[in-house]
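Subject: Structure for you to look at

Hello,

Here is the structure I promised to pass on. Please have a look at it first, and then read my notes below.

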Amino acid sequence: MSAQIELGLDTFGDVMADADGGALSHAESIRNIVEQAVLADELGVDFIGIGEHHRSDFAVSAPEVVLAGIATRTSRIKLGSAVTVLSSDDPVRVFERFSTVDALSNGRAEVIIGRGSFTESFPLFGFDMGDYQQLFEEKIELFSELIKNDAVTWSGTMRSPLAEQHVYPKLESGTLKTWVGVGGSPESVVRAAHYGLPLMLAIIGGDPLRFAPYADLYKRALAQFEREELPIGAHSPGHVAASDEQAAEELFPHFKANRDNIGRERGWPPMTRAEYEQEIAQGALFVGSPETVAHKIVRTVRGLGLSRFDLKYANGTMPHAQLMSSIGLYGREVVPRVRELLAAEA
(Lines give C-alpha, C1' and ligand atoms only; values in the text may rest on other atoms or scores of the structure.)
Protein backbone atom coordinates (compact mmCIF):
# COMPACT_ATOMS: atom_id res chain seq x y z
CA MET A 1 0.00 0.00 0.00
CA SER A 2 1.36 3.42 -0.94
CA ALA A 3 0.46 6.86 -2.19
CA GLN A 4 0.28 5.18 -5.62
CA ILE A 5 -2.78 3.20 -4.62
CA GLU A 6 -5.11 2.30 -7.48
CA LEU A 7 -8.45 4.09 -7.32
CA GLY A 8 -11.28 2.63 -9.33
CA LEU A 9 -15.02 2.59 -9.88
CA ASP A 10 -17.59 -0.22 -9.86
CA THR A 11 -21.13 -0.58 -11.12
CA PHE A 12 -23.51 -3.50 -10.92
CA GLY A 13 -25.21 -2.17 -14.04
CA ASP A 14 -28.26 -0.84 -12.23
CA VAL A 15 -31.17 0.10 -14.50
CA MET A 16 -31.21 3.92 -14.54
CA ALA A 17 -34.11 6.34 -14.37
CA ASP A 18 -35.00 8.71 -17.19
CA ALA A 19 -35.66 12.44 -16.74
CA ASP A 20 -39.23 11.76 -15.62
CA GLY A 21 -38.30 9.06 -13.11
CA GLY A 22 -39.29 6.11 -15.28
CA ALA A 23 -36.95 3.21 -15.90
CA LEU A 24 -34.67 3.24 -18.91
CA SER A 25 -34.46 0.10 -21.00
CA HIS A 26 -31.75 -2.40 -20.24
CA ALA A 27 -30.18 -1.57 -23.61
CA GLU A 28 -29.98 2.17 -22.92
CA SER A 29 -28.62 1.55 -19.43
CA ILE A 30 -25.85 -0.59 -20.94
CA ARG A 31 -24.96 2.10 -23.48
CA ASN A 32 -24.81 4.64 -20.64
CA ILE A 33 -22.41 2.40 -18.72
CA VAL A 34 -20.04 2.48 -21.67
CA GLU A 35 -20.15 6.30 -21.67
CA GLN A 36 -19.48 6.32 -17.92
CA ALA A 37 -16.42 4.12 -18.41
CA VAL A 38 -15.15 6.34 -21.23
CA LEU A 39 -15.35 9.37 -18.92
CA ALA A 40 -13.55 7.49 -16.15
CA ASP A 41 -10.78 6.60 -18.60
CA GLU A 42 -10.45 10.22 -19.76
CA LEU A 43 -10.14 11.38 -16.13
CA GLY A 44 -7.38 8.93 -15.23
CA VAL A 45 -9.40 6.58 -13.00
CA ASP A 46 -7.42 3.35 -12.66
CA PHE A 47 -10.14 0.68 -12.96
CA ILE A 48 -13.75 0.13 -13.96
CA GLY A 49 -15.55 -2.97 -12.70
CA ILE A 50 -18.91 -4.23 -13.95
CA GLY A 51 -21.03 -6.71 -12.04
CA GLU A 52 -22.93 -9.76 -13.25
CA HIS A 53 -26.61 -10.18 -12.39
CA HIS A 54 -29.54 -12.04 -13.87
CA ARG A 55 -32.55 -10.03 -12.67
CA SER A 56 -34.71 -7.18 -13.88
CA ASP A 57 -33.21 -4.35 -11.81
CA PHE A 58 -29.73 -4.82 -13.25
CA ALA A 59 -28.99 -4.48 -16.96
CA VAL A 60 -25.73 -6.42 -17.23
CA SER A 61 -25.77 -10.21 -17.35
CA ALA A 62 -22.63 -10.51 -19.51
CA PRO A 63 -20.04 -8.05 -18.15
CA GLU A 64 -17.29 -9.32 -20.44
CA VAL A 65 -19.28 -8.25 -23.50
CA VAL A 66 -19.77 -4.76 -22.08
CA LEU A 67 -16.08 -4.62 -21.14
CA ALA A 68 -15.15 -5.58 -24.69
CA GLY A 69 -17.16 -2.62 -25.95
CA ILE A 70 -15.45 -0.36 -23.41
CA ALA A 71 -12.05 -1.73 -24.43
CA THR A 72 -12.45 -0.35 -27.95
CA ARG A 73 -13.41 3.12 -26.64
CA THR A 74 -10.69 3.53 -23.99
CA SER A 75 -6.91 3.53 -23.84
CA ARG A 76 -5.61 3.17 -20.29
CA ILE A 77 -8.24 2.20 -17.70
CA LYS A 78 -8.13 -1.38 -16.39
CA LEU A 79 -11.26 -3.40 -17.13
CA GLY A 80 -12.76 -6.04 -14.87
CA SER A 81 -15.78 -7.67 -13.35
CA ALA A 82 -17.43 -6.95 -10.02
CA VAL A 83 -17.92 -9.90 -9.62
CA THR A 84 -17.96 -12.85 -12.00
CA VAL A 85 -20.15 -15.54 -10.42
CA LEU A 86 -17.74 -18.40 -11.05
CA SER A 87 -19.86 -21.00 -9.24
CA SER A 88 -22.55 -20.94 -11.94
CA ASP A 89 -20.27 -20.52 -14.95
CA ASP A 90 -17.71 -22.64 -16.78
CA PRO A 91 -14.17 -21.57 -15.80
CA VAL A 92 -12.91 -22.35 -19.30
CA ARG A 93 -15.49 -20.05 -20.90
CA VAL A 94 -14.79 -17.34 -18.28
CA PHE A 95 -11.10 -17.53 -19.13
CA GLU A 96 -11.78 -17.42 -22.88
CA ARG A 97 -14.01 -14.36 -22.57
CA PHE A 98 -11.60 -12.43 -20.36
CA SER A 99 -8.58 -13.36 -22.44
CA THR A 100 -10.51 -11.94 -25.41
CA VAL A 101 -11.15 -8.69 -23.48
CA ASP A 102 -7.46 -8.69 -22.60
CA ALA A 103 -6.57 -8.92 -26.30
CA LEU A 104 -8.95 -6.12 -27.29
CA SER A 105 -7.66 -3.85 -24.50
CA ASN A 106 -3.94 -4.52 -24.97
CA GLY A 107 -3.57 -6.27 -21.63
CA ARG A 108 -5.92 -4.24 -19.42
CA ALA A 109 -8.33 -7.03 -18.40
CA GLU A 110 -8.78 -8.26 -14.84
CA VAL A 111 -11.37 -10.52 -13.25
CA ILE A 112 -12.83 -10.58 -9.75
CA ILE A 113 -14.27 -14.02 -9.11
CA GLY A 114 -16.69 -14.83 -6.34
CA ARG A 115 -19.87 -16.58 -5.36
CA GLY A 116 -21.96 -13.41 -5.55
CA SER A 117 -24.68 -12.26 -3.17
CA PHE A 118 -27.51 -13.16 -5.58
CA THR A 119 -28.44 -16.71 -6.55
CA GLU A 120 -30.60 -16.26 -9.69
CA SER A 121 -27.85 -17.67 -11.90
CA PHE A 122 -28.00 -21.11 -10.26
CA PRO A 123 -31.48 -22.19 -11.45
CA LEU A 124 -31.02 -20.21 -14.67
CA PHE A 125 -28.01 -22.29 -15.69
CA GLY A 126 -29.15 -25.54 -14.11
CA PHE A 127 -27.03 -25.66 -10.97
CA ASP A 128 -28.18 -27.02 -7.63
CA MET A 129 -27.83 -24.64 -4.66
CA GLY A 130 -27.00 -27.73 -2.62
CA ASP A 131 -23.69 -27.83 -4.51
CA TYR A 132 -22.94 -24.16 -3.73
CA GLN A 133 -19.73 -24.79 -1.79
CA GLN A 134 -18.34 -27.61 -3.91
CA LEU A 135 -19.01 -25.75 -7.17
CA PHE A 136 -16.90 -22.80 -6.08
CA GLU A 137 -14.13 -24.95 -4.59
CA GLU A 138 -13.65 -26.94 -7.79
CA LYS A 139 -14.07 -24.04 -10.19
CA ILE A 140 -11.62 -21.72 -8.46
CA GLU A 141 -9.11 -24.59 -8.47
CA LEU A 142 -9.55 -25.00 -12.22
CA PHE A 143 -9.48 -21.26 -12.90
CA SER A 144 -6.25 -20.87 -10.95
CA GLU A 145 -4.70 -23.36 -13.39
CA LEU A 146 -6.15 -21.71 -16.50
CA ILE A 147 -4.65 -18.30 -15.72
CA LYS A 148 -1.18 -19.83 -15.84
CA ASN A 149 -1.67 -19.65 -19.64
CA ASP A 150 -0.34 -23.16 -20.25
CA ALA A 151 -1.71 -26.62 -20.91
CA VAL A 152 -4.11 -27.68 -18.14
CA THR A 153 -4.62 -31.10 -16.61
CA TRP A 154 -7.44 -31.13 -14.08
CA SER A 155 -10.23 -33.34 -12.79
CA GLY A 156 -13.16 -32.85 -10.44
CA THR A 157 -16.73 -33.97 -9.89
CA MET A 158 -18.71 -30.96 -11.24
CA ARG A 159 -17.45 -30.85 -14.85
CA SER A 160 -15.52 -33.01 -17.31
CA PRO A 161 -11.76 -33.39 -16.76
CA LEU A 162 -9.06 -31.75 -18.85
CA ALA A 163 -5.89 -33.52 -20.01
CA GLU A 164 -3.03 -31.33 -21.29
CA GLN A 165 -5.67 -29.01 -22.73
CA HIS A 166 -4.71 -25.61 -24.14
CA VAL A 167 -7.32 -22.84 -23.99
CA TYR A 168 -7.43 -19.93 -26.43
CA PRO A 169 -6.82 -17.08 -27.04
CA LYS A 170 -3.57 -17.13 -25.12
CA LEU A 171 -2.78 -14.14 -22.92
CA GLU A 172 -0.09 -11.90 -24.39
CA SER A 173 1.17 -10.89 -20.94
CA GLY A 174 1.29 -14.48 -19.67
CA THR A 175 -1.39 -14.25 -17.00
CA LEU A 176 -4.71 -12.65 -16.10
CA LYS A 177 -4.86 -10.69 -12.86
CA THR A 178 -7.53 -12.48 -10.83
CA TRP A 179 -8.94 -11.23 -7.54
CA VAL A 180 -11.16 -13.20 -5.17
CA GLY A 181 -14.14 -11.19 -3.98
CA VAL A 182 -14.98 -11.79 -0.31
CA GLY A 183 -17.97 -10.51 1.62
CA GLY A 184 -17.03 -11.65 5.12
CA SER A 185 -16.12 -15.34 5.13
CA PRO A 186 -12.77 -16.24 6.77
CA GLU A 187 -12.71 -19.43 4.70
CA SER A 188 -12.86 -17.38 1.50
CA VAL A 189 -9.98 -15.21 2.72
CA VAL A 190 -7.81 -18.26 3.34
CA ARG A 191 -8.86 -19.76 -0.01
CA ALA A 192 -7.63 -16.64 -1.83
CA ALA A 193 -4.28 -16.93 -0.07
CA HIS A 194 -4.07 -20.65 -0.82
CA TYR A 195 -4.32 -20.03 -4.56
CA GLY A 196 -2.07 -16.97 -4.44
CA LEU A 197 -4.78 -14.59 -5.66
CA PRO A 198 -5.28 -10.95 -4.57
CA LEU A 199 -8.12 -10.27 -2.14
CA MET A 200 -11.04 -7.90 -2.84
CA LEU A 201 -13.17 -7.08 0.22
CA ALA A 202 -16.81 -6.21 -0.51
CA ILE A 203 -17.58 -3.72 2.27
CA ILE A 204 -21.25 -2.78 2.00
CA GLY A 205 -22.22 -2.10 5.62
CA GLY A 206 -20.70 -1.07 8.94
CA ASP A 207 -17.36 0.56 9.66
CA PRO A 208 -14.91 -0.49 6.93
CA LEU A 209 -12.20 -0.99 9.53
CA ARG A 210 -14.12 -3.92 10.96
CA PHE A 211 -12.57 -5.82 8.03
CA ALA A 212 -9.07 -5.33 9.44
CA PRO A 213 -9.02 -8.87 10.93
CA TYR A 214 -9.70 -10.26 7.44
CA ALA A 215 -6.80 -8.30 5.98
CA ASP A 216 -4.57 -9.57 8.77
CA LEU A 217 -5.80 -13.16 8.29
CA TYR A 218 -5.01 -12.92 4.58
CA LYS A 219 -1.46 -11.74 5.23
CA ARG A 220 -0.89 -14.49 7.81
CA ALA A 221 -2.32 -17.13 5.47
CA LEU A 222 -0.07 -15.98 2.63
CA ALA A 223 2.93 -16.34 4.93
CA GLN A 224 1.84 -19.82 6.05
CA PHE A 225 1.43 -20.89 2.42
CA GLU A 226 4.89 -19.40 1.74
CA ARG A 227 3.51 -17.00 -0.83
CA GLU A 228 4.67 -13.47 -1.58
CA GLU A 229 2.72 -10.45 -0.34
CA LEU A 230 -0.26 -9.76 -2.60
CA PRO A 231 -2.62 -6.80 -3.06
CA ILE A 232 -5.70 -6.23 -0.93
CA GLY A 233 -8.53 -4.18 -2.37
CA ALA A 234 -11.90 -2.98 -1.12
CA HIS A 235 -15.13 -1.97 -2.79
CA SER A 236 -17.83 0.17 -1.14
CA PRO A 237 -20.89 2.10 -2.32
CA GLY A 238 -20.94 5.87 -2.51
CA HIS A 239 -21.78 9.06 -4.35
CA VAL A 240 -19.90 12.34 -4.81
CA ALA A 241 -21.53 15.76 -5.20
CA ALA A 242 -20.55 19.38 -4.59
CA SER A 243 -21.48 19.23 -0.89
CA ASP A 244 -22.18 16.59 1.73
CA GLU A 245 -25.83 17.61 1.86
CA GLN A 246 -26.32 17.46 -1.90
CA ALA A 247 -24.67 14.05 -2.16
CA ALA A 248 -26.84 12.59 0.61
CA GLU A 249 -30.05 14.04 -0.85
CA GLU A 250 -29.31 12.90 -4.40
CA LEU A 251 -28.49 9.34 -3.43
CA PHE A 252 -31.08 8.62 -0.74
CA PRO A 253 -34.24 7.88 -2.78
CA HIS A 254 -32.37 5.62 -5.20
CA PHE A 255 -30.34 3.85 -2.52
CA LYS A 256 -33.40 3.27 -0.33
CA ALA A 257 -35.53 1.93 -3.20
CA ASN A 258 -32.77 -0.48 -4.21
CA ARG A 259 -32.09 -1.56 -0.63
CA ASP A 260 -35.78 -2.03 0.18
CA ASN A 261 -36.40 -4.02 -3.00
CA ILE A 262 -33.64 -6.46 -2.11
CA GLY A 263 -34.74 -6.38 1.53
CA ARG A 264 -38.23 -7.57 0.65
CA GLU A 265 -36.70 -10.67 -0.89
CA ARG A 266 -34.46 -11.32 2.11
CA GLY A 267 -36.73 -10.39 4.98
CA TRP A 268 -35.10 -7.08 5.90
CA PRO A 269 -37.15 -4.15 7.20
CA PRO A 270 -37.30 -0.96 5.09
CA MET A 271 -34.27 1.30 5.44
CA THR A 272 -34.85 4.45 7.49
CA ARG A 273 -33.26 7.83 6.88
CA ALA A 274 -31.52 7.52 10.25
CA GLU A 275 -29.91 4.22 9.20
CA TYR A 276 -28.84 5.77 5.92
CA GLU A 277 -27.22 8.74 7.65
CA GLN A 278 -25.52 6.43 10.14
CA GLU A 279 -23.95 4.49 7.26
CA ILE A 280 -22.66 7.75 5.80
CA ALA A 281 -21.31 9.02 9.12
CA GLN A 282 -19.76 5.83 10.46
CA GLY A 283 -20.42 3.03 8.01
CA ALA A 284 -19.62 1.87 4.50
CA LEU A 285 -21.37 4.60 2.48
CA PHE A 286 -18.75 6.90 0.92
CA VAL A 287 -21.15 9.79 0.33
CA GLY A 288 -20.32 13.49 0.36
CA SER A 289 -18.21 16.23 -1.12
CA PRO A 290 -14.90 15.33 -2.77
CA GLU A 291 -13.05 16.32 0.41
CA THR A 292 -15.28 14.18 2.64
CA VAL A 293 -15.08 11.13 0.38
CA ALA A 294 -11.33 11.50 -0.06
CA HIS A 295 -10.72 11.53 3.70
CA LYS A 296 -12.93 8.48 4.19
CA ILE A 297 -11.07 6.60 1.47
CA VAL A 298 -7.72 7.50 3.04
CA ARG A 299 -8.90 6.24 6.45
CA THR A 300 -9.97 2.96 4.86
CA VAL A 301 -6.80 2.57 2.83
CA ARG A 302 -4.63 3.18 5.88
CA GLY A 303 -6.73 1.02 8.20
CA LEU A 304 -6.82 -2.01 5.91
CA GLY A 305 -3.50 -1.64 4.10
CA LEU A 306 -5.14 -1.44 0.69
CA SER A 307 -3.56 -1.41 -2.74
CA ARG A 308 -6.89 -0.74 -4.52
CA PHE A 309 -10.10 1.06 -3.56
CA ASP A 310 -13.14 0.95 -5.82
CA LEU A 311 -16.14 3.21 -5.30
CA LYS A 312 -19.41 1.53 -6.29
CA TYR A 313 -20.78 4.67 -7.88
CA ALA A 314 -24.12 3.28 -9.13
CA ASN A 315 -26.64 2.45 -6.41
CA GLY A 316 -30.19 2.01 -7.63
CA THR A 317 -31.99 4.04 -10.28
CA MET A 318 -29.90 7.23 -10.16
CA PRO A 319 -30.05 8.97 -13.58
CA HIS A 320 -27.12 8.88 -15.98
CA ALA A 321 -26.44 12.63 -15.67
CA GLN A 322 -25.98 12.41 -11.88
CA LEU A 323 -23.76 9.36 -12.26
CA MET A 324 -21.62 11.20 -14.79
CA SER A 325 -21.34 14.15 -12.41
CA SER A 326 -20.27 11.84 -9.57
CA ILE A 327 -17.66 10.16 -11.79
CA GLY A 328 -16.41 13.58 -12.86
CA LEU A 329 -15.88 14.74 -9.27
CA TYR A 330 -14.31 11.42 -8.32
CA GLY A 331 -11.80 11.55 -11.16
CA ARG A 332 -11.01 15.27 -11.06
CA GLU A 333 -11.05 15.89 -7.31
CA VAL A 334 -11.28 12.78 -5.14
CA VAL A 335 -8.52 10.75 -6.80
CA PRO A 336 -5.84 13.49 -6.72
CA ARG A 337 -6.85 14.47 -3.17
CA VAL A 338 -6.51 10.89 -1.92
CA ARG A 339 -3.06 10.64 -3.47
CA GLU A 340 -2.08 13.99 -1.94
CA LEU A 341 -3.24 12.96 1.54
CA LEU A 342 -1.52 9.57 1.37
CA ALA A 343 1.73 11.16 0.18
CA ALA A 344 1.61 13.68 3.02
CA GLU A 345 1.17 10.90 5.60
CA ALA A 346 3.85 8.64 4.13
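Buried residues account for 54% of the 346 residues in the chain. Please keep in mind that this is a predicted model.

On the overall fold: the chain contains 11 helices and 12 strands. Its radius of gyration is 19 Å, close to the 20 Å that the globule rule gives for 346 residues, so the chain is as compact as a globular protein of that length. Along the principal axes, the C-alpha atoms fill a box of roughly 60 × 45 × 40 Å. If you take the contacts between residues at least 6 apart in sequence, 74% of them join residues at least 24 apart.

Where does N149 lie? You will find N149 in the loop between helix 5 (132-146) and strand 6 (152-154). Is N149 buried or exposed? N149 counts as buried, because its relative accessibility is 15% and the cut-off for buried is under 20%. Leaving aside neighbours within four places in sequence, N149 is in contact with F95, K170, L171 and G174.

Happy browsing, and do write back with any questions.

Best wishes

Terms used. Residues are numbered from 1 along each chain as its sequence is written. This is a predicted model: local features need pLDDT of at least 70, side-chain atom pairs count only at pLDDT 80 or more; totals for chains, interfaces and linings use all residues. Side-chain values use heavy atoms; hydrogens and water are left out. Helices (H or I, at least four residues) and strands (E, at least two) are DSSP runs, numbered from the N terminus. The radius of gyration is taken over C-alpha atoms; the globule rule is 2.2 Å times the number of residues to the power 0.38. Buried means under 20% relative accessible area, exposed over 50%, partly exposed in between (1.4 Å probe, protein chains only). Contact means heavy atoms within 4.5 Å.
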